[in-house]
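Biologist: I'd like to learn how to read ring pairs and nonpolar cores in a model. Can you walk me through one?

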Amino acid sequence: MPTYRESRLTCEKCGHTFDIAIWAAIDAYQSEQRAELLSGSIFLHACPACAHRNRLEYTLVYTDTERKKKILLDAQEGRAELFELGMVEESRSGYDLRLVSTVEACAEKIRVFEAGLNDKALELWKVVCLARTQRAYAGRGITELRYLPQESAKYIYLEALRSKSAEKRTIATLAFPRAEYEQFLQTLLPHIHKKDKHGRYVRIDSTWANAQEGRALSIKAGGLSQSEPRENARFQSKERGAGYCPQCGYALREKSRFCSQCGHALFAKATHSAEETLEQEVEETRLLLNKLEIYVREGKLTQAELRHLKSTLGMD
């Protein structure tokens, strides 16, 4: 049940002290508070004296009873253990418990669950998509992909973001084939379906996904070579024969000459010779092999998995 308490806040601009509501728990069915949590406005408090909007983030729990999800926004990191008391029964009843540290991550997690996506598979898939995006937008400083809800049966949309310190964070909105995610999910499902510890909130994010990357690479080699980030700047789709604009990431019609979203000219004359292209591919293969060797040394891959991966990718 949604709960809140009254508190006092001193305006950082004029020093006036006024009452605010601090929410300890929000339920998905409470549409007003849910919308404010998604936008982040629930943490903004307008001073009645000067109208300055003060931002105060705090720890709260979001519950989606229908989907059996609980998300703990631990804005004051280190308080998660206090909220894990009494969570054992919920997790035994089939609830997935997730831990996030930022308002943006909480909003993304809510949207992912409401879209019916598996957050573990999505985060692992985003590692692959991020590598492809960084290749297509080299030099743009892209460090993160964030799920963006769109009603599409064919695509899953991800925002390409730069670091939080950047003046302009969002670089592009990119469309990736939903079928690729579904294939990724089906291949990885037996390996990621392990139930979490009862009563413990689990952090499933890019840090978690990168820690699993070595294992995921060997799994992908068994049936997901299409997901390996070795496609060109237009994210060419083998199934559709079409692709995505390298400028804005918009999905293109087959045989398009210009992007209908931003007007970018497509399929420009190649500037590299066949020899230069071959040299680039050889260099990319060498770098990938070096990365795999690092995984072996770090214990993320066994020698047997490395040999299987090399054989599958034709690197013997």
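Modeller: Let's start with burial: a residue is buried under 20% relative accessible area, exposed over 50%, and partly exposed in between (1.4 Å probe, protein chains only). Keep in mind that this is a predicted model, where local features need pLDDT of at least 70 and side-chain atom pairs count only at pLDDT 80 or more, while totals for chains, interfaces and linings use all residues. Residues are numbered from 1 along each chain as its sequence is written, and side-chain values use heavy atoms, with hydrogens and water left out.

Biologist: Fine. How many aromatic pairs does the structure hold?

Modeller: A pair of aromatic rings is described by the distance of the centres and the angle of the planes. Rings of Phe, Tyr and Trp (its six-membered ring) pair if their centres lie within 6.5 Å; planes under 30 degrees apart are stacked, over 60 edge-to-face, and the rest tilted. There are 5 aromatic pairs here. One of them is Y4 with W23, tilted, at 4.8 Å centre to centre and 45° between the planes. This pair links distant parts of the chain, 19 residues apart: Y4 is in strand β1 (residues 3-10) and W23 in strand β2 (residues 17-27). Helices (H or I, at least four residues) and strands (E, at least two) are DSSP runs, numbered from the N terminus.

Biologist: Is W23 buried or exposed?

Modeller: W23 counts as buried, because its relative accessibility is 11%. Y4, at 49%, is partly exposed.

Biologist: Which kind of pair do W125 and F176 form?

Modeller: Edge-to-face: 5.9 Å centre to centre, with 75° between the planes. W125 sits in helix α5 (residues 119-136) and F176 in strand β10 (residues 170-177), 51 residues apart. W125 is at 0% relative accessibility, so it counts as buried; F176 is buried too, at 0%. Ring pairs also join W125, F176 and Y181 into a cluster.

Biologist: Which residues have the most contacts inside the largest nonpolar core?

Modeller: A nonpolar core is a set of buried Ala, Val, Leu, Ile, Met, Phe, Trp, Tyr and Cys residues joined through side-chain atoms within 4.5 Å. The largest has 30 residues, and W125 and Y181 have the most contacts inside it. Helix α5 gives the most to this core, with 9 residues. A second, separate core of 23 residues includes W23, L38, C106 and I110.

Biologist: And what lies over the face of F113?

Modeller: A charge sits over a ring if NZ of Lys or CZ of Arg is within 6 Å of the ring centre and within 35 degrees of the ring normal. For F113 that's K69, at 4.6 Å from the ring centre.
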